[in-house]
Amino acid sequence: MWTRAELKEKGKAAFKRNYWKCVLVALILWLVAGGFNSSSGNSNSSLSRHDDQSITEYFEDEFLDSEDYDFDDGDSIIDEDFNIDEDYNQSTVQDTLKDTVQNSFFEKLSPIPLLRLLTKTAFGIIFLIIALIGLLLEIFVFNVLEFGGSRFFLQNAERPAELKEMLYGFDGSRYMNIVKICFFRKLYLFLWTLLLIVPGIIKNYEYYMIPYLLAENPDMTKEEAFAKSREMMDGNKWDTFVLGLSFILWEILSSITFGIVGILFVNPYEKATDAELYRRLKQNSERKETFEF
C-alpha cells in the first residue's frame, strides 16, 4: 500500500534537491502539453454583410433580385434600357440582351467580393497547413519530449538527473517505438473520450504509467506497455485520482499568481510525485509477481 502523504513528501524532497532543472523540465512539459495547443479562433469582420454567404447566394441577392433587373413585373430589360426599332432583326436583339446581362453581371462581379473569397480561402489553407504541422510536431517531437520528461523525473527520484534525459527518446534505436506507442496512447484516449467523458477519464488512468514504463524499457512493445500499465493501475485508479486532487489548493494558488507558483513549484512537485507513484506501484507489482511465482 501507499499513502498520498508519503509519495508527496518523497516527491518534494527529490524535486528540491535538483530544483532549477526540475523547474525547467516541468516548464517544457507544460508548454508541450498545453502552451502550444491553445489558439484563439475568434475572428471579427464587418467588411460586408456577404462575408458569411456563398458566392451563389451573393449573386442571387445582389443580381437576380435587384430592383434594376426585376424579371417578375412583366417588363423587359430591353424595354427599360433600349428603344428597339422594328427593323432590328432577332439576332440583333439577342446580342443586345446578351451584352446587357453580361455587362451587368460583371459589374456586380467586382474585385472586392472576389478578393474576400480568395482571402478567406487562403486563410483556410494556411490554417489547415498550421494544424497539420502542429499535429506532426506533437506526434514526432512533443510526445517524445513528454516521454523524456517522465524519464528525467524517474531518474531524479533516485539521484539528481541531467537535462539530457529529455532527449533520451530521440535516439534512433528507440525513437520510432516511442513515437508509435505514445501516438496510440493519445489516439485511444481521444477515441474513448469521444465515446463518453467518463470512460475517457478511466482510460486515462488506465494508461497512466505508459510513459514511465517506456522510460525504463524503451524497447517494450505496444501490447506489453498497455497491458503492464493496466495491471499496475488495477485497483489504484481512484487513489491516483485523489492524489491529483490533493494538489487542488496549489492549483488555485497558481491561478491567482497567473501561473508563477505553478511554474516555480506546483508543476515540478506534481511530476516528481507521479514518478514516486510509479516507483511504488512497480515495487508492488514485482512483489505480487514474486509471491505468485
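1. Let's start with the surface: the chain exposes about 18,700 Å², and carbon and sulfur atoms supply 60% of it. Accessible areas here come from the Shrake-Rupley method with a 1.4 Å probe, and for residues only the protein chains shown count as cover.

2. Please keep in mind that this is a predicted model, in which local features need pLDDT of at least 70, side-chain atom pairs count only at pLDDT 80 or more, and totals for chains, interfaces and linings use all residues. Residues are numbered from 1 along each chain as its sequence is written, and side-chain values use heavy atoms, with hydrogens and water left out.

3. Now the overall build: the chain has 13 helices and zero strands. Helices (H or I, at least four residues) and strands (E, at least two) are DSSP runs, numbered from the N terminus.

4. How much of the chain is buried? Buried residues make up 34% of its 293 residues; buried means under 20% relative accessible area, exposed over 50%, and partly exposed in between (1.4 Å probe, protein chains only). Of the contacts between residues at least 6 apart in sequence, 71% join residues at least 24 apart, where contact means heavy atoms within 4.5 Å.

5. The largest nonpolar core has 46 residues. Such a core is a set of buried Ala, Val, Leu, Ile, Met, Phe, Trp, Tyr and Cys residues joined through side-chain atoms within 4.5 Å. F153, M209 and L277 have the most contacts inside this core. Helices that each supply at least two residues to the core include helix 1 (4-16), helix 6 (111-156) and helix 13 (260-292). The largest share, nine residues, comes from helix 13.

6. A closer look at L277: leaving aside neighbours within four places in sequence, L277 is in contact with W2, L7, Y208, M209, T240 and L243.

7. N267 is found in helix 13. Is N267 buried or exposed? N267 counts as buried because its relative accessible area is 18%. Beyond its neighbours within four places in sequence, N267 is in contact with A26, W30 and G262.

8. Finally, a helix pair to find on screen: helix 8 (residues 197-206) and helix 11 (residues 237-245) pack at an angle of about 95°, with axes 10 Å apart. Helix 8 is therefore roughly perpendicular to helix 11 (65 to 115 degrees). Axes are lines fitted to C-alpha atoms, for helices over the stretch in contact, and angles run from 0 to 180 degrees between N-to-C directions. I202, Y205 and E206 of helix 8 meet K237, T240 and F241 of helix 11 in this contact.

Technical notes:
Parallel < 35°, antiparallel > 145°, perpendicular 65-115°, else oblique.
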